[in-house]
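Colleague: Please put the model up, and I will ask what stands behind the labels you use.

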Amino acid sequence: MAKLPVQFRLNGSDRAGFVDPAGNLLDLLRRGLGDFAPKYGCGQGTCGVCTVLIDGEPQLSCLTLAISCEGRQIETASGMADGPNLHPLQQAFMDNFAAQCGFCTPGMLTAARALLAKNPNPTRDEVVEAISGNICRCTGYEPIIAAILAAAAGGAGMRRA
Amino acid sequence: MADARRKLDIAAEAGPVGGALAHDSAAKHVAGEAVYIDDIAAPDGLLHAYLGLSTVAHGRLLSLDLAAVRAAPGVVGVLTAADVPGVNDISSTHRQDEPLFATDRILFHGQPLFAVVAGTREQARHAATLAKAEYAEEAPLIDIAAARAAGGALVTDPLKLERGDIAAALAASPRRLKGSMAIGGQEHFYLESQVALAVPGEDEDMQVFVSTQHPSEVQHMVGAVLGAGSHAVTVEVRRMGGGFGGKETQANLFACVAALAARKLKRPVKLRPDRDDDMAITGKRHDFVCDYEVGFDEDGSIHAVDALYAARCGWNADLSGPVTDRALFHMDNCYFYPAVRARSEPLFTNTCSNTAFRGFGGPQGMVGAERFIEEVAFATGLDPLEVRKRNLYGGNSSTEGLGRDLTPYYQQVEDNIAGHVISELERRCDYQARRAAIREANAKSPVIKRGIALTPVKFGISFTATWFNQAGALVHVYKDGTVALNHGGTEMGQGLYIKVAQVVAQAFGLGLDAVKITATTTGKVPNTSATAASSGSDLNGMAALDACETIKRRLTEFAAKHWQERPEDIAFLPGRVRVGAREIAFRELIQAAYMARIQLSATGFYTTPKIHWDRKAGRGHPFYYFAYGAAAAEVAIDTLTGEYKVERVDILHDCGQSLNPAIDRGQIEGGFVQGMGWLTTEELVWDRKGRLWTRAPSTYKIPVASDRPRIFNVHLLENAPNREPTIHRSKAVGEPPLMLAISVLHALSDAVASVGDYRVCPRLDAPATPERVLDAVERVRAEAAS
């Protein structure tokens, strides 16, 4: 099958690839462009570990056709840190022991980042709602919720979102 | 960069042990830089394998036409049993009951028939669907009832525990009752699915990177399948994206197929199944049916328990023997049964081969124990918590010559703190006042009913296969004073690596930044046990400490000679070494020792003391110690729909003298929520043809953030060092907290009971899905009215 060209901005840089018409964004990011932060979890859009931002909206990259991303802004957990300085959400996740096996973490951070961009001071229920599409099998969620609230209290949404 | 980001808040003199230090990979986790197997840079020439699976659950394979598979685009090879140079078997029990590829008998839906290898993963996946298999289909045995009806074939020898004269004790009991309880299974849903990458080397060498809790077993299996010695196979895993027992034996298949393909094609090969195939192929937590008879008196004292625990084991033995054994080892939970008989029935079924899952049968055994308590409570009209307290192990008061501290397997309960943990939690969570308030409120609330329950946990720590209770470690000190640490334990998120690193850093008086934690590999520490049975830090912490002590002995001897001091005047202090009156840097000591040709590398080894077990006799001391905890759960149910919410949970859990209280707290909270999922919403469904219908979180309901308890108070038991000399007097914490979630099942039961004015035992089976809760509400209402 003929491969089709696609180009977009990934974490602030111009990137491009040639993809199968049915190829998904997750495969392009991981295998084509070497961004291993988004993970393969279920391949069916039900676990959230492949979550990325597309034009600021959290989307499941395993269900997103790569060619549909032409000209879009894509952001992953790899692009959150500013050089050696962690994003406040990343720091809060560390400080609150929000990662155990770490496999859900990039997707969780991305879902949290989208929330804080829109709602810099969320309530606990709003945090819970925002990450309820993301499964974590290790932590029981409390430390993740605490981390997002802590980051919000420290102004994570206002500094970099 | 990752190391620079790590926060090290070590008090100058305290040392890292006992500190709430971040997970060793925390900085890499949040940066998306932690490397899992599927993230390893692809070796040149990488090929991808995919499995072809049976589409029937039981029968004979009459023919397998793979011509279309071979002809598919990108395909470079197809593998069947005929391509196996060694043995076509990966049974961890060595019963020869688990072929790598089926040849004749088909025993479950999704059984691997062949593998196809292609240039891309998509090509391999597509080609795998093109096989033409002919079967002579037979009726499959799907569940426990069907297996029993067909004669009850077992996959492994059953166990019987018996103490006292059960028939006489039941006959002499003032009251007795019989019942049965269904306890569901559970899908692990490790977020990182099974995956293996095999890289062939020279001669017969094979390097396998695989997401496994048991690298040594993978090494052995790959060697056996390839017909090579274990010395030719190296298995490495830096971290898993979750394991929970699902990667104790279940990774063997994927590693062996990848290695077989790599050997045949002389190229690196990766195998990662799609999630739905992973869920169909790999085993899960065993579901059980527990049939019981309990003798008791009007005071709520249990006189005798006779219980039969039948398990759906699937198509081969795998770990079903030890899993069903551990169920029996926990059919007492914290309670003394004056007379007891417990039997296991590990049944063969045409379903995936059920396997290890956090708790390893213990949770199912304990759920049974709590049902016995509940039955007695409803029969006597007592608060279930009162019945729990009356039947606790304890003291030396004797009943017919027996001390009240003897388990059904004749191990004495020496460290019994269950009563203390229960009463402390009861006080802290204000159980009695809340229970009274809930009953009062329920009387006035027509639809929404609340329930509360407080349940304890006592969990035996040690592998019941005594020989598994050994561990090795390898510690190198380099000339610059930095330390490389390796041990046989694997990291699956539980924080084992950081805990062992804390032990090593403290032993040398170093900060954690001086200790490099290296990936688990069979090339460094051989013949390791699975990281399982909650034993990771108990075993590997001690082995690593042993290696450190060996190096310190050499250094002490050297320093005493070199600086003309007595050995007892040499001490490794935080950040420095005292040599008589002077203090020098660790690095300075190491450089001097190197110049004096002192060996700066050592292996360490540990075997758990005190334990022994005679399975035939059903007697022994299988556990080094017990870990304890208690939880109180409060729920609200909608009696018109069966829907419910967990409103509040209070936990008090015993970690001994915790190595890292933040990591332990994570195990407690995460284990609880995972256990809550098992007992409430996670329901596995197979159809009559043996096809698993619940193959994704869309149909298999795993708790998400909105399902966690609204109020969640978690505390570690204070001032409770392990009475046994474990590593820094800590206790194992991986599995025990899962069983704290039994409190949720019983809180739901308490809420259901309200519709029958607390006179009818709801006998709520697990998982207590909203459907089951609604059924129970209607049944209790009808029984109460009749």
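Colleague: Leaving aside neighbours within four places in sequence, which residues is B:Ser529 in contact with?

Modeller: This is a predicted model. In it, B:Ser529 is in contact with B:His214, B:Phe463, B:Phe468, B:Gln470 and B:Gly488, once its neighbours within four places in sequence are set aside. B:Ser529 sits in the loop between strand E22 (520–521) and helix H16 (536–562) of chain B.

Colleague: Why is B:Ser529 called buried?

Modeller: Buried means under 20% relative accessible area. B:Ser529 has 9% relative accessibility, so B:Ser529 counts as buried. A polar atom of the B:Ser529 side chain also lies 2.6 Å from the backbone oxygen of B:Phe468.

Colleague: What makes A:Arg137 and B:Glu682 a salt bridge?

Modeller: The rule asks for a side-chain nitrogen of Lys or Arg within 4 Å of a carboxyl oxygen of Asp or Glu. The closest N and O atoms of A:Arg137 and B:Glu682 are 2.7 Å apart, and the pair forms a salt bridge. This pair crosses between chains: A:Arg137 is in the loop between helix H4 (124–130) and helix H5 (142–153) of chain A, and B:Glu682 is in the loop between helix H18 (661–679) and strand E31 (711–716) of chain B. A:Arg137, at 5% relative accessibility, counts as buried, and B:Glu682 is buried with a relative accessible area of 0%.

Colleague: How many salt bridges does the count come to over all chains?

Modeller: By this rule the count is 65. Among them is the pair B:Glu370 and B:Arg388, with the closest N and O atoms 2.6 Å apart. That pair links distant parts of the chain, from B:Glu370 in helix H11 (residues 362–380) to B:Arg388 in helix H12 (residues 384–390) of chain B, 18 residues apart. Both B:Glu370 and B:Arg388 are buried.

Colleague: And why do you say that B:Asp664 and B:Lys499 tie parts together?

Modeller: The side chains of B:Asp664 and B:Lys499 meet in a salt bridge of 2.7 Å, N to O. B:Asp664 lies in helix H18 of chain B and B:Lys499 in helix H15 (residues 496–508) of chain B, so the pair ties together parts that are 165 residues apart in sequence. B:Asp664 is buried with a relative accessible area of 1%, and B:Lys499 is buried with 5%. Elsewhere, salt bridges that share partners join B:Arg434, B:Arg450, B:Glu634, B:Glu647, B:Arg648, B:Asp650 and B:Arg710 into one network.

Colleague: Why is helix H2 of chain A described as mostly covered?

Modeller: Six of the eight residues in helix H2 (residues 88–95) of chain A are buried. They are A:Pro88, A:Leu89, A:Gln90, A:Ala92, A:Phe93 and A:Met94. A:Phe97, with a positive phi near 55°, follows H2 of chain A.

Colleague: What does A:Ala112 touch, not counting residues up to four places away in sequence?

Modeller: A:Ala112 touches A:Leu89 and A:Ile148. A:Ala112 lies in helix H3 (residues 105–118) of chain A and, at 0% relative accessibility, counts as buried. A:Ala112 and A:Ile131 are 19 residues apart in sequence and 7.0 Å apart in space, C-alpha to C-alpha.

Colleague: Last one: why is A:Leu65 called partly exposed?

Modeller: Partly exposed covers values between the buried limit of 20% and the exposed limit of 50%. A:Leu65 is at 41% relative accessibility and therefore counts as partly exposed. A:Leu65 lies in the loop between strand E4 (57–60) and strand E5 (73–75) of chain A. With A:Leu4 and A:Ile67, A:Leu65 forms a nonpolar surface patch of about 210 Å² of accessible area together.

Conventions:
Residues are numbered from 1 along each chain as its sequence is written. Chains are lettered from A and ligands numbered from 1 in the order in which they are written. This is a predicted model: local features need pLDDT of at least 70, side-chain atom pairs count only at pLDDT 80 or more; totals for chains, interfaces and linings use all residues. Side-chain values use heavy atoms; hydrogens and water are left out. Patches are made of residues with over 30% relative accessible area and no salt bridge: like charges are joined within 9 Å, nonpolar side chains (Val, Leu, Ile, Met, Phe, Trp, Tyr) within 5 Å. Accessible areas come from the Shrake-Rupley method with a 1.4 Å probe; for residues, only the protein chains shown count as cover. Helices (H or I, at least four residues) and strands (E, at least two) are DSSP runs, numbered from the N terminus. Buried means under 20% relative accessible area, exposed over 50%, partly exposed in between (1.4 Å probe, protein chains only). A polar contact is a pair of N or O atoms within 3.5 Å; within protein, one must be able to donate a hydrogen and the other to accept it, and residues adjacent in sequence count only if both atoms are side-chain atoms. Contact means heavy atoms within 4.5 Å.
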